[in-house]
Amino acid sequence: MQTEEFTLVHGMLRSFAARYRVCSADDITPQSRMIAQKALDELGLTELRRASPPAATVQESALLAEEHGKQPLTTSLLGTILLAPELLRLVGTLPTSSRPTIALGQDLRFPGDHPSPLVAWDCDDADCALAVDAGGTVRYVGLGAAAPTTDPLRRVLETTGHGEVIGRLTPEAHRRWQAFALVVTASELVGAASSFVELSVEYARDRRQYGRSISSFQAVQHLLADATVLTQACTSVTRYAAWSLDHESSHQALAAARVAKAEVNTSAVEAVHAGMQVFGGIAQTWEHIAHLYLRRVLVGARLLATTADLLPALAAPHSESGPDRSARDAATTPTDPEPTR
């Protein structure tokens, strides 16, 4: 879209986020979620990635995801507004009256080679989910009961039935779908981590101990300086990955997206942990906003693909052998006995 148009859309989303941000976990109710989602839908963002060519570039979509991550929001931007429309566009299915989100494995990673139970992720206001298997086959699945989740901001539901097959992604489309999913989820995590570090800096300036602001203590300065460097590294690598999807081949774009998600998985978590140390004991309370950022980033670090999934895929020799290779690289068997949702 034109620069002026994107600036307007970006500003609208920023204003929305400031108005509907959650200030405490106690503010999260079914009614507040419904009101916030309705307000987000009224911005008209569902058309950004639905048409071909899309109205918004990947870089613009990633910046919107980053802005959405800066505030603790219960709204579904990634699942229903960015990821599901992008998948329908890539598979060549015309828009329908349904409102889908994305189905992932129970550990919230890309589904693997073998059939397994799925969950619908980031599904506020969704009425179905789209599941992509390791071979690129896309199908609709129904939504079931609520599934347990560690992130109270994001709604996760069980899925029902085997679903209706709606198409199959070409090898290139499959790579682009995986890259797009990795980039926009990484971008939201970048927004969350950078925003929390900024809150930590503000708190350090205001908090006083021994008659001095704790921001004057060298140990606190080092913590926040390191956290800032980490978030800047995340920002740089993720924005490059978004640029690659707009300008490079699908192989190069997927490699850049994997690098970005692997970097964010590690650095964003470290940055938020540093911020938690600066806040101290107050950050451990239910009423404080800090744990909402922490939960989002910890869950996000496992979302779609962990660092343990991504690094072997990046180290493997490049192959042009077909769609299954790309799918297997990003969708691997879970290694943790009790994954976090």
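The model is predicted: local features need pLDDT of at least 70, side-chain atom pairs count only at pLDDT 80 or more, and totals for chains, interfaces and linings use all residues. Residues are numbered from 1 along each chain as its sequence is written, and side-chain values use heavy atoms, without hydrogens or water.

Start at strand β3, residues 128–132. Helices (H or I, at least four residues) and strands (E, at least two) are DSSP runs, numbered from the N terminus. Five of the five residues of β3 are buried, where buried means under 20% relative accessible area with a 1.4 Å probe and protein chains only. In a regular strand the side chains alternate between the two faces of the sheet. In β3, Cys128, Leu130 and Val132 point one way, while Ala129 and Ala131 point the other way.

Now look at the partners of β3. Two strands pair if DSSP finds at least two bridges between them. Strand β1, residues 100–105, runs parallel to β3 and is joined to β3 by three bridges. Here Ile102 stands opposite Leu130. Strand β4, residues 137–146, pairs with β3 in the antiparallel sense over four bridges. There Ala129 stands opposite Val141. Four residues lie between the strands of the β3 and β4 hairpin, and Gly136 takes a positive phi near 95 degrees.

Helix α4 comes next. It covers residues 78–91. Its 14 residues reach 18 Å from first C-alpha to last, close to the expected 20 Å, which is 1.5 Å times one less than the number of residues. The helix bends by about 30 degrees at Ala84, and Pro85 follows within four residues. The bend is the angle between axes fitted to the seven residues ending at a residue and the seven starting there. Because 14 of its 14 residues are buried, α4 is largely enclosed by the rest of the structure. Just after α4, Gly92 takes a positive phi of about 85 degrees.

A cavity is a set of points on a 1 Å grid over the protein atoms alone where a 1.4 Å probe fits but cannot get out. The whole structure holds four cavities of 30 Å³ or more. Lining residues have an atom within 4 Å of a point.

Key:
Buried < 20%, exposed > 50% of the residue type's maximum accessible area, 1.4 Å probe, protein only. 1 Å grid on protein atoms, 1.4 Å probe; cavity = no way out; pocket = protein on both sides within 12 Å on 5 of 7 lines; lining within 4 Å. Points joined across faces, edges and corners; volume = space filled by probe spheres on them.
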